[in-house]
Amino acid sequence: MPRTTLIPGIEKVDIPEPRQAIPYVHAYLRDRILDGTLQPGSKLSQVTLAQQLGVSRTPLREVVRLLQNEGLVTVEPNQRTRVAELDPEELDEVYGSRILLEVLGITLTIDRFDTQCRRTAQKQLKQMRACAKRGDIEGWIDVHAEFHRTLTAGAGATLQRQLRLHADQAARYIRIYQAREPRTWDAAGDREHAEILDALIERRLSDVTSGLAHHLARTALHVLADCAPGYEPRAVPQAVAMVDNNEAAWHATLAAVASA
């Protein structure tokens, strides 16, 4: 009998009720893809996955379908499953969409950003700085996601779902930037986060929207430069120009990233 090759980093999932296996397994595998445990391009044997996860192949097939719909895995004609490769066009479009949707979310929040929201965001900013200081990338990513959700807390449930989806998709790519720039990845973001928060507290709408758009664009450009240096972004510059209504501002961001 051939020896089974285990998939590194995959453990049995604690499922309280067997009939609820799909959401638990989906959440677990999704997190392992987003946190880089399952590397882009990795082959995933569904037989081996089912054994390691402690589930049957029936719910696992549904989980694979869900992950495929989210663009996190691909299923080849021979039914071989792979973790989706990093795609510069996907990153460009994810960030282009995220810029427009998150700017909409923050405009819906600005008049509702009360003292409690301000204190929460300021606490999260301090937590990000503490994580960056000790090199805790995973902790930083978690708090960073919470910070951006605080900035857009005034958005409704439908928009919040879309924002979370784009943020999760972007997280795969952010890790690349952070891993390759271990000493500098947090500096520009920390300054920009503080400036966006100050503008939000003071209700300076144009500074809030432009600052957020350029903050997200800068991250996208750095990651694209790392993973696909020859790729020419289309969605990100269009989104920034739409927010600023000023194409010159986009070129200024592009020049700043190129000189960094």
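Biologist: Which hand does the crossing of α4 and α10 have?

Modeller: The crossing of α4 and α10 is right-handed, meaning that the near helix is turned clockwise from the far one by less than a right angle. This is a predicted model, in which local features need pLDDT of at least 70, side-chain atom pairs count only at pLDDT 80 or more, and totals for chains, interfaces and linings use all residues. Residues are numbered from 1 along each chain as its sequence is written, and side-chain values use heavy atoms, without hydrogens and water.

Biologist: At what angle do the axes of α4 and α10 cross?

Modeller: Helix α4 (residues 88-109) and helix α10 (residues 235-244) cross at roughly 15°, their axes coming within 7 Å. α4 is therefore roughly parallel to α10 (angles under 35 degrees; over 145 count as roughly antiparallel). Axes are lines fitted to C-alpha atoms over the stretch in contact, with angles from 0 to 180 degrees between N-to-C directions.

Biologist: Which residues of α4 and α10 make the contact?

Modeller: Among them are Tyr-95, Ile-99 and Val-103 of α4, and Val-236, Val-240 and Met-242 of α10; contact means heavy atoms within 4.5 Å.

Biologist: And how do α9 and α10 cross?

Modeller: The axes of helix α9 (residues 205-227) and α10 come within 9 Å and cross at roughly 170°, so α9 and α10 are roughly antiparallel to each other. Residues meeting there include His-214 in α9 and Asp-244 in α10.

Biologist: Changing topic, what lies over the face of Tyr-28?

Modeller: Arg-32 does, at 4.9 Å from the ring centre (the criterion is NZ of Lys or CZ of Arg within 6 Å of the ring centre and within 35 degrees of the ring normal).

Conventions
Helices (H or I, at least four residues) and strands (E, at least two) are DSSP runs, numbered from the N terminus. Angles under 35 degrees count as roughly parallel, over 145 as roughly antiparallel, 65 to 115 as roughly perpendicular and the rest as oblique.
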